[in-house]
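Me: I'm new to this and would like to go through a structure with you, slowly and in plain words. Could you take my questions one at a time?

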Amino acid sequence: MPQTNPSTSGVRTEASILHVDLDAFYASVEQLENPKLRNSPVVVGGIGTRGVVCAASYEARKFGVRSAMPTAQARKLCPQGTFLVPRMGLYGEFSQRVMAILRDTTPLVEQLSVDEAFLDVASVHRLLGDPEEVGAHLRERVLSEIGLSLSVGIATTKFLAKVASDQAKPNGLLVVHAGGELAFLHPLPIRVLWGVGPKNAEKLQRIGVKTVGDVARVGIAPLVAAVGKAVGTHLFDLANNRDPRPIVTDREAKSIGHEETFGEDIRTRPEIERELFRLIDSVGSRIRKAGLSARTVTLKARYSDFQTVTRSHTLDSGTAVSGVIARTVFALLDQVDHERGLRLVGVHCSNFDDGSGAIQGTLAFGDANELQNSIDERRAEVDRVVDDVRRRFGKDAVQPAARIGMNDRQNPTLAD
Amino acid sequence: MKIRCERDTLVEAVATVQRAVASRAGASPVLSDIRVTATSDGVIELVGTDLEITNRVTVKADVEQSGIAVVPKMLGEIVRSLKGAITIEVKDDEATVTSGDFSTTLRLKHAEEYPRIDLSDGAGVRIDAGVFASALKQVVRAASRDDLRPILTGVLITTTEGGVRLVATDSYRLAVRDLPGVNVLGERQKVLVSAKGLAEVQRLGATGELEVILGERDVVFKTDTKEVSARLIDGDFPNYEQLIPSGYPNRLTVDRAAFREAVERVMVVGQGRDNASVKLTMKADGLTLTMAAQDIGTSQGSIDAKYEGTELVVAFNPQFLLDGIDAIEGDEVSLETVDNLKPATLRPAQGGDFLYLLMPVRTA
C-alpha cells in the first residue's frame, strides 16, 4: 500500500506540516569542516569572472552578500570574507545524513532539494509528541549529531509552513497554529507568495497591493486583470491559505530526481560525469528505498544562456540499478552540447511500476554476448550490498558508489 | 521542377516516406525533409530517410519540368489539407504547392545537403511477399525498441537447411520463425537487420513478390512502386539456441481465440500498469487467469484447456503473452512450461515453423 495519510487530504485542523530548511547550508558545512571559518563571513560560489554566489554565511549576509549575486560584487561588499568554490559531493553527504534523521522521524518526507524538505507529522503524535515538539527534537538532533542549524516552520499547509520557516530563520522554529493563519500571513509583504517575482510585484503595486492581506482583500477579479488568470487565482488561494497539496513521498511520486546548479559553468565531460555520478547514486538509492523501478530516465541540462533542454530515454523494462541509470544518462549526454557550458544538470527517473515487487525475468544469454543482462544483475547485487552497508554504517561507509559498473573510467574524485 | 499529381496518390506516398524520416531530437535537420525527384517519363520519386531506414516510393505524375527538390516534411500536412489535383512547382529555393485557388510556398534546403541514398543496385532474389510478411508479423514485435541495446533492435536472418530463419528478442521473449524454401542468403550467411526497417517492409503488402537485395550495409526490399532499405546492424546476436529447452514436463493446450480473449479481459484491470502480470493457474481441469493491480482491483477468468503435467502457477507480462498468442497461426496454442521461473514456450499445437519463448514474471 502506498503511504497515503488520511490527514493529507482536506483541510487540516492542526498545524502538522513541517518545512525544514538548513541555514546557509553550503557555507555552514564549510564552517563546520574548517573551525577557523566559524563566526566569520564565508561565501561559497564560482570564483571565475562570471561566477555567482551559491551561499553566504549569516556573517557575510550582514555585508549585503546574497545568493545569486555575482561573486565579484560580493567581494566588493565583503572584502574580508573567505571565498570558496562549492564542494557538491561534501554537501551531498551532509544532506543525506540530515534527510536520514528526517526519515527516521516519519516516512512522510518530501525532499525538495539538498537542504529543504516537508514532513507530515500528523500521525506521529502518540510516538513523538505534538508537531512543535517534533520540530524542536529534529533541530536538536541535527545540531548535536551533525552540527548544522535547521530552521523549522509548522503550519496547516505546505505554503504556510515554508513561509513560517523563512520567518524563523536563522536557527529558529515558528508555529502558525490552526485558526491563526490569516492573522500571521496578511501583514507580510507580497513577495512571500510563490509566484511573485519583481515583475508581478510591480504590477500588483500598481493596483495598490502591497501585503498578502491586500491580495485577499482586493478580490480575485482585479488580481486576474493585473497578473493573468493562472497567477492571479494562485495568489488569491495562497493569500487565503488555500494550498491542498499533500506531502508526496518518493513512494508515491511520479518522478524521482536530483538537480545540481553550479557556481560556475562546467563543460568538460569528466567534470559533468562526476557530477552526474553523484546525482545518479542518490536518485538510484531513493528509487530502491521506495521499492520502485523506473522505465524512463531523463537528463536535464541548462546552458550558460539559461536555455534548458531535457533528453529522455525509455527502457524496455523498469530498473532500480544505478549502473543502468548511469549507462542511460551517459548515452543521453551525447545528445547535449555540453561544450557550450552547463550551469545545471539534473537526473530524473519516472514511469514507475506499481511497486508490487514483480520482476520480469530475463533470458540468460550468457556473458559472451556483451549484453547487459547478466552485468546488470550483478550491478543490482552491488546496489543491494551498498544500500545495506550504508543503512547500517552510514552514507560514508561506501564511497564512491557512483563508480559501479564504470570500471573503465577514471576514478571520480570529489571537487577540490 | 514542376509536377502535377492526384491528391490521394500524393498523400499516400508522402505518408509512406514520412514514416522513415528522423523524428529524434538532435537529428540532422535535413533528415526530416523529403526528397522529391521528377523524371521526364511521367514518374516522381519520393524518398525519406533517417539513415537507419529509407523509404522510397514512385508514383505516376505529370512531369512538366523534371528536377529534384528537398522539401520540408510539412508537405505531408499541406497535401492532406488540399483537394483534387495538386501542382508542385520549384523555383530557386522555394516550392509552391497549389490546388485550385489555394497555394502554399515553402522555403527549401539545398538538395546537395541531402545524404546520398544508394538504393537497389545489383540483382535481387525474389520471394513471396505474403509468406515473408506473415513471418515478419510473428517475429518483429519481439525485437527491442531500446536504442541503447542496438543488437537487440535487430532481427537475425540466418540460413537454415533449405531456407532461412528469422529470430528476434528483447531479452524478455524470443521469437523464431523458419521459412523453408526462402533463399535470400548465401550458404551459412547471417545478417542482423533493423527491426524498425522490417516493420516498414511489413507494410509493403502481402501480395505478389518482393525483391530482396542484400548489400554491404543495407538490405533492400522492393515492390514495383515501393522500396524499403533497412540498415544492417553490426555485432553478434546472442546465442539463442541454448535457451530453448529440449523438453518440457508440462504442456497446456488451449483454443487460441478463447485464450486471447481471456487474457484481454483480465488485463483490463492492469491498464496503464506496465508491470502488472497475469497469473496462469494450470490444472488438469482447465486454465484460470488472474490479474491483480495494486490499489485498483483484481480480475479473473477460467477457460477450458487440456493440461498434462503437475499443477503450476506461472505469471507473465500480459502484453508479451498476448503478442505471443497473436503470433501463433492455427486454432490451438500449446504452452509448455518447466516451472514458474524458466522460459515457457508458445507454439501452434499442431506443430509448425514458429516458436515464442517467454520469460515468466517473478512475483513477490
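Reply: What follows is a short chat about how parts of this structure are placed.

Me: Before we start, what kind of model is it, and how are things numbered?
Reply: This is a predicted model, in which local features need pLDDT of at least 70 and side-chain atom pairs count only at pLDDT 80 or more, while totals for chains, interfaces and linings use all residues. Residues are numbered from 1 along each chain as its sequence is written, chains are lettered from A and ligands numbered from 1 in the order in which they are written, and side-chain values use heavy atoms, with hydrogens and water left out.

Me: How many helices and strands are there in chain A?
Reply: Chain A has 15 helices and 13 strands, where helices (H or I, at least four residues) and strands (E, at least two) are DSSP runs numbered from the N terminus.

Me: And what share of chain A is buried?
Reply: Of the 416 residues in chain A, 53% are buried, and buried means under 20% relative accessible area, with exposed being over 50% and partly exposed in between (1.4 Å probe, protein chains only).

Me: Where is A:E275, and is it buried or exposed?
Reply: A:E275 is found in helix α13 (residues 269-289) of chain A, and because its relative accessible area is 8%, A:E275 counts as buried. Leaving aside neighbours within four places in sequence, A:E275 is in contact (heavy atoms within 4.5 Å) with A:M88, A:E260, A:F262, A:I266 and A:V345.

Me: Switching to cores, how many residues does the largest nonpolar core have?
Reply: The largest nonpolar core has 69 residues, and those with the most contacts inside it are B:L166, B:F259, B:L280, B:L289 and B:L321. Such a core is a set of buried Ala, Val, Leu, Ile, Met, Phe, Trp, Tyr and Cys residues joined through side-chain atoms within 4.5 Å.

Me: Where does this core lie?
Reply: Domain 2 (125-241) and domain 3 (244-358) of chain B both give residues to this core, so it lies between them; the domain bounds come from an automatic or database domain assignment. Apart from it lies another core, of 36 residues, among them A:I101, A:V114, A:A117 and A:I146.

Me: What about aromatic pairs, how many are there?
Reply: The count over all chains is seven aromatic pairs, where rings of Phe, Tyr and Trp (its six-membered ring) pair if their centres lie within 6.5 Å, and planes under 30 degrees apart count as stacked, over 60 as edge-to-face and the rest as tilted. A:F25 and A:Y26 form a tilted pair, with 5.8 Å centre to centre and 55 degrees between the planes, and both A:F25 and A:Y26 are buried.

Me: What can you say about B:F132 and B:F221?
Reply: B:F132 and B:F221 form a stacked pair, at 5.6 Å centre to centre and with 25 degrees between the planes. B:F132 lies in helix α3 (residues 129-139) of chain B and B:F221 in strand β16 (residues 218-222) of chain B, so the pair ties together parts that are 89 residues apart in sequence.

Me: Last one, where is B:L108?
Reply: B:L108 lies in the loop between β9 (102-107) and β10 (125-128) of chain B, and B:L108 is buried, with a relative accessible area of 13%. The C-alpha atoms of B:L108 and B:D33 are separated by 9.4 Å, although these residues are 75 residues apart along the chain.
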